[in-house]
Amino acid sequence: MRKALIAGCAALAIGAVAVTAVAQTPRNETFRMLELFGDVLAVVEQAYVVPVDNKKLIEAALGGMMTALDPHSSYLAPAGFADLRERTEGQYSGVGLTISSEAGLVKVISPMDGGPAARAGVQAGDVISIIDGASAAGLSVSDVSDKLKGAPGTEVSVTFLRDGSDPLEVTLTREVIKIESVTGRIEGDFGVIRISTFDDNTVRDLNRVIGELKAANPAVKGYVVDLRNNGGGLLSAAVGVSDAFLERGEIVSQRGRRPEQIDRWSARPGDLTDGKPIVVLVNYGSASASEIVAGALKDHERATVVGLTSFGKGSVQTVIPLRGGQDGALSITTARYYTPSGRSIQKIGIEPDLEVSRSAAEARIVARSSFIYASEAGFANSLDASIGAERRGAHVPLEAPGEDWPEDKDYQLERAFDVLRAGGDLALLAPAPAGIVVTPPDQQTAALAAGE
């Protein structure tokens, strides 16, 4: 995590201010608005119906200023900054959610594997409506995070709103979320690698898990890398994971405001899987670092991407501690990510090579125009892609299980195994099994128009 120190303060004039009618340069206008801020603070302090906490008001103003930029720029009060550090170090106490906000609503980007929220059925795209009987409308991400965190064993009641469904009211018991970022298992001839987040331990854990899978089955024929509902994390971890599967070439680039602000990361020789076929699983809960990995492996034709189009968070946040962290920090968007081929991830996401929904219910989400609700493109103030491309709109997925498909059978994973059996060549892929609805690309829009 890049850190920098910002020092200094702005002098705010309190009380009535006489303004001379002069032409305002941008700098003069900035100082005039800072004086206005001081005036407003003074009026609130003197005239509000009850005494106010100026520190709380100023922190709220800082938060509001950052949310005027984009959904991922924020002011982190000292407690929020400490919470961020806990998450990237792999452990904290709460309910296990990655969240973001837009237009006064806090939405779930992804539930964390095995956490209280995931066990209760919370899904990517759900909106947090009520917390312990109080409306969450208008609360910041930091406010909601503070309310959801707490001592292990304590409870919090949360109501989630879900597109097309009744509100989900659950009572979640907080617990220490020990984020096991990488787990693995052998299924038949293949290794399944689940990466739930990208933190300080991810690359180390990936090396360990691949070694364990090779020991368990020295004749393993390929790997599935499951990035579904992985809301992202550290750039360094995403680069390290991509490097583990690539021998050479660019992994990702990030480009800032000015043309010369370009950083590139490239792979070093050495593929931990010895060149075996790889399938990457993604869905609309796969964001940020997950999309960097999926995009790098797809562009280098090192992996076949299966699932649903990812979230589309292709922006870079730099965390800048304020006065060494004593006054919290700014998490501010400083650049966009681009895949090796130069494609922007922002708002568009990574489209799968084989589009497959996990269930009939998930297929309905894709088929509604409000599918954008569970993606970066659903935020009114999100950055554009900068390359003129747009996320694909509502459509019927290529493959979807019927309503009678067993809930405990993971269709996306089954198709990932089929792709591995075909050596990664979709032209050799076995036909979809019975009970699966297949809608050819040229008929997907027509099927949607017909209400299918």
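How many bridges join strand β13 to strand β14, and do these strands run parallel or antiparallel? In this predicted model, five bridges join β13, which covers residues 250-255, to β14, which covers residues 262-266, and the two strands run antiparallel. Together β13 and β14 make a hairpin, with six residues between them. Within this pairing, S253 stands opposite R264 of β14.

N283 belongs to the loop between β15 (278-282) and α8 (289-299). The relative accessible area of N283 is 5%, and N283 is therefore counted as buried, the limit being under 20%. The side chain of N283 reaches the backbone nitrogen of N229 at a distance of 3.0 Å. When residues up to four places away in sequence are not counted, N283 touches R228, N229, L308, T309, S310, F311 and E362.

S73 is found in the loop between α2 (54-67) and β1 (74-76). S73 is also buried, with a relative accessible area of 1%. The side chain of S73 takes part in a polar contact with the side chain of D70, at 2.6 Å. A polar atom of the S73 side chain also lies 3.0 Å from the backbone nitrogen of T333. Apart from neighbours within four places in sequence, the residues in contact with S73 are M66, T67, S331, I332 and T333.

Charged side chains form 27 salt bridges in the structure. One of these joins D189 and K221, with an N to O distance of 3.7 Å. This pair links distant parts of the chain, 32 residues apart: D189 lies in the loop between β10 (182-187) and β11 (190-195), and K221 in the loop between α6 (202-216) and β12 (222-226). D189 is partly exposed, at 36% relative accessibility.

A salt bridge also joins R208 and D205, at 3.9 Å from N to O. Both residues lie in helix α6, three residues apart, which is about one turn of the helix. R208 is partly exposed, with a relative accessible area of 36%, whereas D205 is buried at 8%.

In the salt bridge between R364 and E403, the closest N and O atoms are 2.5 Å apart. R364 is partly exposed, with a relative accessible area of 41%, and E403 is exposed at 62%.

How values were computed
Residues numbered from 1 in each chain as written. Predicted model: local features only at pLDDT ≥ 70, side-chain atom pairs only at ≥ 80, totals over all residues. Heavy atoms only, no water. Helix = DSSP H or I, 4+ residues; strand = E, 2+ residues; numbered from the N terminus. Buried < 20%, exposed > 50% of the residue type's maximum accessible area, 1.4 Å probe, protein only. Polar contact = N/O pair within 3.5 Å; in protein donor to acceptor, adjacent residues only side chain to side chain. Contact = heavy atoms within 4.5 Å. Pairing = 2+ DSSP bridges. Salt bridge = Lys/Arg side-chain N within 4 Å of Asp/Glu carboxyl O.
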